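Here is a short tour of one chain, written for someone who likes to know how each value was defined. Take a look at the sequence and model first, and then we can go through them together.

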Amino acid sequence: MKSKRKEGKVHSMETNTDEGNDSTEDVYASECIGAVRAKGQKWFVTLLLNNKPQQCQLDSGATCNVMSLKDKRRLAPRDKLTQSSTKLKLYSGQFMTSLGLFVTECVLRGQKYTLEFEIVEASQQPLLSGSTCERLGLINFTIPADLNIIDKVQAGPLSKETLLSKYHDVFNAPVESVPGEVHFELDAEIQPVQCAPRNVPVAMKAATKAQLDKYEADGHIISVTEPTDWISNMVIVKKPDKLRICIDPKHLNRALRRSHYIMPTLEDVLYKLPKARVFTLVDARDAFLQCKLDEPSSYMTTFWTPWGRKRWLKLPFGVSVAPEVYQRKQHELLMGLSGVEPIADDILVVGCGDSDEEAECDHDAKLLALMVRCRQVKLRLSIKKLQFKVPEVRFHGHILSSTGLKADPEKVKAVLEMPHPSDVKGVQRFVGFVTYLAKFLPRLSEVCEPLRRLMDKDTIWHWLPKHDAAVREIKQLVTQTPVLRYYNVSKPVTIQSDSSQYGLGCCLMQEGQPVAFASRALTPTEQNYAQIEKECLSIVFACQRFHHYLYGRDNITAETDHKPLIAIFSKPLLNAPKRLQSMLLALQNYNLKVVYKPGPEMYVSDTLSRATASGTHTRSMHEQHAVCSLQTEQVDVEHINQADYLNVTDQRFIQIRQHTDRDGQLQALRSVILMGWPDCREETALAVREYWPIKEELSVQNGVIFKSQRVVIPRSLRPEMLARVHSSHIGGEACYRQARDTLYWPGMQSEIKDYVSKCTICNEYAIEQQRETMMSHELPMRPWQIVSLDLFQHSGKDFLLVVDHYSDFWEIDLLPDLSAETTIKRCKAQFARYGQPDRVISDNGPQFSGVEFRKFAAGWEFEHVTSSPRHPKANGKAESAVKIAKNLCKKALREGKDAWKAILQWRNTPTEGMDSSPAQRLMARRLKAALPVASTLLEPWGSQVGRSLTHQFSP
């Protein structure tokens, strides 16, 4: 290395350290380049880049390496540049475009390094950043720790209360956007997908609308009106204390190109932490929602809601690239902080020193420096996840503590606490487990020989001390090297998981060799899960236990012996039952590839799941203080109740359960769901074979069978349900639309159509096929803006009908006579009830064409429009309503029922092609009718939202 003095341009990377600067063009959003003339000493070093010598300038203030395009072409003319999102800012305030990122090998002192250079159009020698200079050993930074402390009061060690008080904004201020924007790269060969909209369960609409409004008010989402290439579906997950709204970007995830961000290894962290004694773990609050999307990426996250399309302005949960995007962002935000290690979704602060007092002082300085940086970049932290000054933490299968580095006992605890076999089958499973691992340590087979003899034919079961000794020795051997290998971040990773009737077992493997084991017993609630739910729960458990190994990894292989689980991973989230939905959402944090492996080959996980220690799982101290531990709210599925998502009263639910208990076919189906489906359709019992195509969507809860979010109706209740659905004698399609959100049985749609087609009353008053539709009137923007009037006769009596164009809601009044005065009085009564319309449409009857009606129109300030003479269809809205009213009245009279109940049922039925009934569109609420309905669904929309908001924000 040599020094040169000369006058001229100095291109150096400048960092803005002004703590009060809130500019969005912060150093963490862009890189700054200065261009000034100055006299002073500059330092250069000649490096071997791409096997060619190149002189580079050292710049301790630079935050990235920079090279001119000319030098890049000389060093590697054929190497292509990769796209770069870094912004380069001149000292004068102007921006310089980065042409791309150039990655090359550097040789220094016989050792190879990988360097990244931002390529620019400039005429200067390459710049090496401060971090690169330190990594290559060219510069040694020695900054006293106390310089990082802002306004430190010498009043003893930092307490948690002081930290939370002084940096109240960091832990409690609303979530904002950190500097910089996130951009998604798409595979151009994959075509955009616009998913069809899905209905939201009626019981969840009010709370969903309230949560969407809150997200929109907080600046997380915004409405979309223009066309978009990508449209995903919305997924609702009800937690015990809140409602989470996510998207199901299954198709979008296939098109997103991953940036393959490399996670730090144990070796990358250890050398920075000499004499570590004190640790603090912090976690970002709503981490993804602190990352702002750029506009093109935001439009890719468009999703359907019942109130129109919305798009995410922040990084949404569920996008496959979100974890690695956030990891990169967090590293950029905290770059340069000594003793602060961003690892996956956690931030680890380490205090080092020769004594506890010195380490605590060092820790406090580093933690305060972190707080200053978080305040500067508006990174919000979680109070709930704060682990303040803990004595040890887990990382990559090891424990970092004041006593040094040691192996984590949790990764072998499942094997060491495995109960000894109690019968021949237990011995067979244990020997299979040993046989698989014997290829890594042949002596295992010799130690296992006494256990093999217990499986000999005609051998009477006996368990002797030599068998106990063999089991204990085997456990010790399989939990040490070379059987148990060390985790290698550069090698592919596989998780093998399985579920038995009472337990879960899993193993983390690399190249077929185990890295860590885990198992736990199922809770009483989990033991009643369907088999597919247990198998999915075993994968969730594996990802939770091995989260610090898996988070941010590419292509994680998950092996399962349950074939139906493979199909559910390839289907949209909305097709899965609610419990599975919650599990699948939690697994979207990982890039999983679920593959089938026959049960007899799942030696390790099968043995662990069937030999779990008794009792429920409790979190150990190490797990509580784990770096990168999974959020428990993502796997809290025990409290999910399918009935909460249905428009079914408690009494009706009990009735369905009682009839299900007496239905032989559904009892057989329930057993198959709980015990697991066969591998092929031919092996399925004939009684339940018709359910084979939807086996992945079936679940059991509280004795009732569900298909996704719909109740499977027992055969004995189907006639009653058909009669209730068709009680108002609406058409077959309308009946099916009313039933499909709540009810299911095989062939339900065809049975409804057949039932309606055989209805004598419907056939007697069947409507003839209509002629071509005439041009419609102007579309109204609100209820009761435009109304139509018409007179008709029924059973020798005259009636006035008033219909609202916006909602299709109509009213009928009995007329004692046909005078204009009587007609106007009835109109006034309706207008006083629903409000003055802007426009009234009628035919040219004498009641409407006279002077009295014109005075009425002028006095009540509405525009009166009459249809063309001899063209009554011009008043088609009223004519259509009259037909509906007459048919309902005729059918009710024919059946001897109350006509007003038929009218009530019609007003409460969702309109074809829409997701609401006339009553809902006019009154913003449902009407109580014959079908069972929860009382909360009868409340006006506004009170439902208010009540949900009160519940959400109440202490």
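## A loop residue to start with

In which loop is Asn51 found? Asn51 sits in the loop between β4 (41-49) and β5 (52-58). Helices and strands here are DSSP runs, H or I over at least four residues for helices and E over at least two for strands, numbered from the N terminus.

This is a predicted model, in which local features need pLDDT of at least 70 and side-chain atom pairs count only at pLDDT 80 or more, while totals for chains, interfaces and linings use all residues. Residues are numbered from 1 along each chain as its sequence is written, and side-chain values use heavy atoms, with hydrogens and water left out.

## The chain overall

The chain holds 35 helices and 38 strands. Of its 955 residues, 53% count as buried, where buried means under 20% relative accessible area, exposed means over 50%, and partly exposed lies in between (1.4 Å probe, protein chains only).

Among contacts with a separation of 6 or more, 71% come from residues 24 or more positions apart; a contact means heavy atoms within 4.5 Å.

## Two helices side by side

Helix α29 (residues 820-834) packs with helix α31 (residues 851-859) at an angle of about 20°, their axes 9 Å apart. That angle makes α29 roughly parallel to α31, a label for angles under 35 degrees. The axes are lines fitted to C-alpha atoms over the stretch in contact, and angles run from 0 to 180 degrees between N-to-C directions.

On the α29 side, Ala820, Ile824, Cys827, Lys828 and Phe831 meet Glu852, Phe853 and Phe856 of α31. By class, this contact has six nonpolar, no polar and two charged residues. Here Ala, Val, Leu, Ile, Met, Phe, Trp, Tyr, Cys and Pro count as nonpolar, Asp, Glu, Lys and Arg as charged, and the others, Gly among them, as polar.

## Positive phi and a buried arginine

Most residues other than glycine have a negative phi. Asn51, although not a glycine, has a positive phi of about 65°, and Asn51 counts as exposed because its relative accessibility is 65%. Glu861 also has a positive phi, of about 55°, and lies in the loop between α31 and β38 (863-866). At 66% relative accessibility, Glu861 counts as exposed.

Arg545 and Ala516 are 29 residues apart in sequence and 9.6 Å apart in space, C-alpha to C-alpha.

Technical notes. Angles under 35 degrees count as roughly parallel, over 145 as roughly antiparallel, 65 to 115 as roughly perpendicular and the rest as oblique.
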